[in-house]
Amino acid sequence: MINKMPQKKKIFGISLRVELIEKYNEKRDTISQEWTNFLQKLAITPILIPNTLDDVKSYISDVGIDGIILSGGDNIGQFPERDETEKQILDYAIRKKFPVLGVCRGMQIINEYFGGNVVTNDNDNHVGKPHEIHIMDQRFSKLLEYENIKVNSFHNNIITKNNIGNKLQIFALSLHDNTVEGYYHSDLPIIGVMWHPERDMVSIHQTKLMKIFENKSLW
């Protein structure tokens, strides 16, 4: 009898938010524990990518990652070191054709990277208020097995259909205000979502979304 070798876990790099700790007058790179719990559930090993590296691309190369997650938190422009780190991450991931998942802020920075922009919402309808979204792309609705799903919402910056980046194809819209909730790149293994999959681990939709991203199913 031949014993099968255990399958090697995938390694995903994940970007970090910057937190200013006034008590100690210092900045810290941080990540929610929800991300670690979520990725472990999917048999993925998370590797944290600090925001003050001298050479981001060499760090990613040395670690030997299989994919990238650009996490949420912080507004673009709030902490320049994070903006620059994530730009370098995207440069490297695109060159190597790594799968990239942008979550909330991560989705916004990818959109700007490809020439789009974000606007500040004039109300709080997306702040801590779960809502339904419509999966308008048939491939995604087939893979997620639903055309409408309920997602969490923790953002006050929005992307509209008029300010979407080059070659970013919309796959999900909010049923409330028609703002963009999900897109994918037409040529590269890049997906952006405005909700937080790590904050809704019990939902089968989040696991399916990660499988789509992880396996580059659309490209």
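1. Sorted by class, the residues lining the largest pocket are two nonpolar, eight polar and four charged. For that sorting, Ala, Val, Leu, Ile, Met, Phe, Trp, Tyr, Cys and Pro are nonpolar, Asp, Glu, Lys and Arg are charged, and the others, Gly among them, are polar. The largest pocket holds about 150 Å³ of space. It has 14 lining residues, and the closest to its centre are Gly73, Asp74, Asn75, Cys104 and Phe154.

2. Before going on, keep in mind that this is a predicted model: local features need pLDDT of at least 70, side-chain atom pairs count only at pLDDT 80 or more, and totals for chains, interfaces and linings use all residues. Residues are numbered from 1 along each chain as its sequence is written, and side-chain values use heavy atoms, with hydrogens and water left out.

3. What do the space words mean? On a 1 Å grid over the protein atoms alone, a cavity is a set of points where a 1.4 Å probe fits but cannot get out, while a pocket is an open set with protein on both sides within 12 Å along at least five of seven lines; lining residues have an atom within 4 Å of a point. Points are joined across faces, edges and corners, and a volume is the space filled by probe spheres set on them.

4. How many cavities of 30 Å³ or more are there? The count comes to one. The largest cavity has a volume of about 60 Å³, and its lining splits into two nonpolar, four polar and four charged residues. Among the lining residues are Arg17, Trp35, His196 and Glu198.

5. Thr85 is buried at 3% relative accessible area (buried is under 20%, exposed over 50%, partly exposed in between, with a 1.4 Å probe and protein chains only). A polar atom of its side chain lies 2.8 Å from the backbone oxygen of Glu81.

6. Leaving aside neighbours within four places in sequence, Thr85 is in contact (heavy atoms within 4.5 Å) with Ile49, Pro50, Asn51 and Val56. Ile49 belongs to strand E4, residues 44-49, and is buried too, at 2% relative accessibility. Ile49 and Ser15 are 34 residues apart in sequence, yet 5.2 Å apart in space, C-alpha to C-alpha.

Key
Polar contact = N/O pair within 3.5 Å; in protein donor to acceptor, adjacent residues only side chain to side chain. Helix = DSSP H or I, 4+ residues; strand = E, 2+ residues; numbered from the N terminus.
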